[in-house]
Amino acid sequence: MKNSYLLRLHFIVFLWGFTAILGKLITTDAPLLVFYRMSFAAVFLYLYLRIVKKESIKVTKGLLLKLVGIGSVMAFHWLFFFQSIKVSNVSIALSCLSLSTLFASLIEPIVFKRKPDWVEVIIGIIIVICISLIFNAELKYKEGIFYGILCALFGTIFSVFNGKIFGKTSSGNIIFYEIAGGWLVISLFFIVTGQISSFSEISYTDIALIVLLASVFTAYPMFESVKLMKFISPFTLILTVNLEPVYGIILAFFIFGASEHMSPVFYIASFIMIMAIVANGIIKSRRKKDELPVEITPQ
């Protein structure tokens, strides 16, 4: 039975790894992509909760405001993720996600009022060194690296604050209101900047790919990951989710060919970063320390 859960976990991580591929295949710009992704995902989640599960989606006003706020952080995380892909490539965007370890080592202690874990800080510094090597070796992708770093920062903030509201309502409600909140923020962005007319500037092919992204690669894996948290240890969950960049980089290499071919320094540095993150998980497991609720940052 455990092997079944592990297989399902690897499958949803593979799906998240594939979101970067879709991000490159979709030709529309990042803000419009995120707007439509969140629009469709919110609709799918609402229909699933109210019609399939027949669950109430009522939450208190205070919690609703928090969820909308966290959802806006998620929206910016996705915005910077896809923007990084648009101005560079899939490999750059995914490798920058490794910086989440450093950001978590600095932000988590403040939010959860605990002492910093110096192992996390040291591993985070190793990752920063690796990112610096990638930056120097792939200087032509400096803009993509910049957006990738912002993506990792906002993804970490999203995950940490999600941990703060864990258990205050159903996981389905949390996911739905966060995505709906993110959609609201992106909509306000288009209204304030006077870009509402751009909503119609999207091809039918892009719409079809975004519907696929919102359903199979967003709504489904988010619900599935919540279910699996009941059966898989946080340690296993963290280590497996760290395979997302591996899946994505390998897929991009075979699907897009030359545009994803990077220098040897990139692959060496990326390998070191992934191994550092795995080492961090192993060290935590051996310490047998109490773990905070695990939150996954979906791509």
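Which residues of the largest nonpolar core touch the most other members?

Modeller: This is a predicted model, in which local features need pLDDT of at least 70 and side-chain atom pairs count only at pLDDT 80 or more, while totals for chains, interfaces and linings use all residues. Residues are numbered from 1 along each chain as its sequence is written, and side-chain values use heavy atoms, without hydrogens or water.

The residues in question are Phe81, Phe82, Val90, Ile92, Ile127 and Ile179, in a core of 89 residues. Such a core is a set of buried Ala, Val, Leu, Ile, Met, Phe, Trp, Tyr and Cys residues joined through side-chain atoms within 4.5 Å; buried means under 20% relative accessible area and exposed over 50%, with a 1.4 Å probe and protein chains only. Helix H3, residues 61–87, supplies the largest share of this core, twelve residues. Helices here are DSSP runs of H or I, at least four residues, numbered from the N terminus.

Confidence in the chain is highest in H3, at a mean pLDDT of 95, and lowest in helix H10 (residues 234–241), at 66. The pLDDT is the predictor's confidence in each residue, from 0 to 100, and its mean over the chain is 85.

Ile127 is in contact (heavy atoms within 4.5 Å) with Ser98, Leu99, Thr101, Met273, Ala276 and Ile277, leaving aside neighbours within four places in sequence.

Lys54 is exposed, at 66% relative accessible area, and has a positive phi, near 55 degrees, although not a glycine.

Conventions: Helices (H or I, at least four residues) and strands (E, at least two) are DSSP runs, numbered from the N terminus.
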